[in-house]
Structures are given as C-alpha cells and as structure tokens.
Amino acid sequence: MMQSNALPTYDDVTSAAERLAGVAVRTPLLSCARLDDITGGRVFLKPEPLQRTGSFKFRGAYNRISRIPADERAGGVVACSSGNHAQGVAAAAALMGMASVIVMPKDAPAMKKARTIAFGGEVVEYDRETDDRDAIAGDIARARGAIFVPPYDDFHIIAGQGTVGLEIAEDLLARGLTPDVVVANASGGGLVSGIALAVRHHFPDARILTAEPAGFDDHARSFRSGGRERNNQATGSICDALLAATPGRLTFEISSRLVGEGVSATDEEVARAVAFAFEELKLVVEPGGAVTLAAVLAGKLDLTDKLAVLVLSGGNVDASTFARCLAVA
C-alpha cells in the first residue's frame, strides 16, 4: 500500500482503470441538444448515476479495497459516509468477501442507508452536529481489526475516481475533440482531483472547475485564499452528498495546482437541474450529483462556443426528495 502522504499520478489512474475493467461500468458521454441551445456551446454529460451502486464512489472504493492484501482482510473495512461512499465500500467489500461497517449521519437519506445495508454493510449512525465520525470509525477499526477506507483523502481512492476523467479524455480523443471546460462536483475533492490528473495529462489547456452547493463552497474559497477553508455549517443543503467540512489535504494539494476555480448553485437551482436531467435526459440524478448542471443552467459559467463536459456524479435520491425537486421546476 502507498504511504498516506503520497500523491497519485496519471499512471496510477491508468492502473486503477485496469483494475476496474470488467467490474465498474464505463459510463458514456451523453449529449443534449436542448442544453447546447441553452448554453450556446457543445456540452457532454458524464452520467455516473449509471455506475455500479449509483455513483462514482464505487470506482475509488473498489480500487482501494481490492488492493488490501489477503492476509489483512479478516477484520473487514470501516468507512464514514452520508451514503454514496457507504454503498461503494459495502459493495466493493462484498465482492472481495470482506465485512464492512459504515458510519453514517442520522439525517442521511433513508434510501442510501437501506441500499448500504442491501449491499452488505453494517450501518452505525452518528449526529453531524455533535459527534466525531472519524473517532467513531477509529474505535470500530481498533475493536474489530478493520481497515479504514477514507471517503476521499487516500491515494487509491483518488486514483480510482480519476478513471472518470480518463474515460472522458479517451472518449473525446476517439471523437477527435478537445474540451475547453470540465466541471465536477466537489465535497472532499477526490473526484475532481482524480479527474484533473487524467484530463490535464491529455488536455493541458482545459479549464477544470469544481461545482458546490451555495454555502458549502469550501473549494472555491480555498482556491481564492490559497489555504483549506472550512464551511460554517454541517447541514442545510439538499445536496447531502456534498457536505464535507473542508477539502481533503491530499485532494487539495492536487486540485489547487490543477483546478483552481469553482462555481456554486443554490438548492432551488439544483432542484431545477434535477428536473432538467429527468425531463431532457431521462436520468435520475440526486441533488448532489446535479450541481455541475445546476451552475451551468443558472448562468454561473459561460459556455458560449465552448466544448464542455459536466460530471453528474450520482443518482441515489429518495423518492420524496426527487418529487420535491420536480415540483420546484
């Protein structure tokens, strides 16, 4: 295993792709004439709701867990997550014949908890406002001899998430296209930093941005200040998947060099994007997975005469939340 302070490279992303081949879904690039008309550009969408467990998180989880040596698997794994990493870890651990315990916030969507259990995970709940989830996970790991699988700040997690960017680059190259802009949702930053490693390798001039919920735009503020800023609150957005307190240490070391700017969207704008994806793309996208699209539809990013790729990072949304989003639109 790599040291905790090591940073992955493009070669590590390609290694992750080899490991994920035949296990993870290679999601397509989708186009939408309506979105092109709205933006005045050419926009592709990367639909990770179609990924195994319904989000990109399976990629990093499997890349990390499958590399655990056989003689270290007896105690299983433990992870902290509001739902998407939880499902990815539970599914990946089950594929490797390992037990998994997931520390999840009490206010996590019921569907995400149920799906985590269905994939084989044991759920332990905590309070976002008062409990220290890392301490809880650490106690479980010590008691069970389990291996902790971080949600984003990990060498193999970042490399695994980077396969999203690798697929984007490969598919564009196959079409003879060069992206001007690539936008990815950000919470801890594993997805966007991994994507940046792959996209920058093939398209060094591409502009890469984060998309975050309004009020939880710690990446954008961190890019401006040069240090890792923290959000002032732990709850308060429908984008439950994107509520990390601050960018990861490793992820920010990458994204501060290769990304460097971000946009945000309000809950109302996100709800409209969820509805747009359903109506125009026939896709179910969770609020946290739709912030890239929300920011573009709200005019936060000018794509006139640009070729852009927006990552839709997940589709694990409760029916009630989904219905509220459709009602807003």
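## Basis

In this predicted model, local features need pLDDT of at least 70 and side-chain atom pairs count only at pLDDT 80 or more, while totals for chains, interfaces and linings use all residues. Residues are numbered from 1 along each chain as its sequence is written, and side-chain values use heavy atoms, leaving out hydrogens and water.

## Nonpolar cores

A nonpolar core is a set of buried Ala, Val, Leu, Ile, Met, Phe, Trp, Tyr and Cys residues joined through side-chain atoms within 4.5 Å. Buried means under 20% relative accessible area, exposed over 50%, and partly exposed in between (1.4 Å probe, protein chains only).

The largest core has 35 residues. L35, L45, L293 and L310 have the most contacts inside it. Elements giving two or more residues include β2 (42-47), β10 (307-312) and α13 (319-328). Helices (H or I, at least four residues) and strands (E, at least two) are DSSP runs, numbered from the N terminus. The largest share, 7 residues, comes from α11.

Leaving aside residues up to four places away in sequence, L35 touches V43, L45, F276, L293, L297 and L310. Contact means heavy atoms within 4.5 Å. A second, separate core has 34 residues, among them Y10, I158, V199 and I254.

## Histidine 201

H201 lies in helix α8 (residues 190-202). Is H201 buried or partly exposed? With a relative accessible area of 46%, H201 is partly exposed. H201 and R249 are 48 residues apart in sequence; their C-alpha atoms are 22 Å apart in space.
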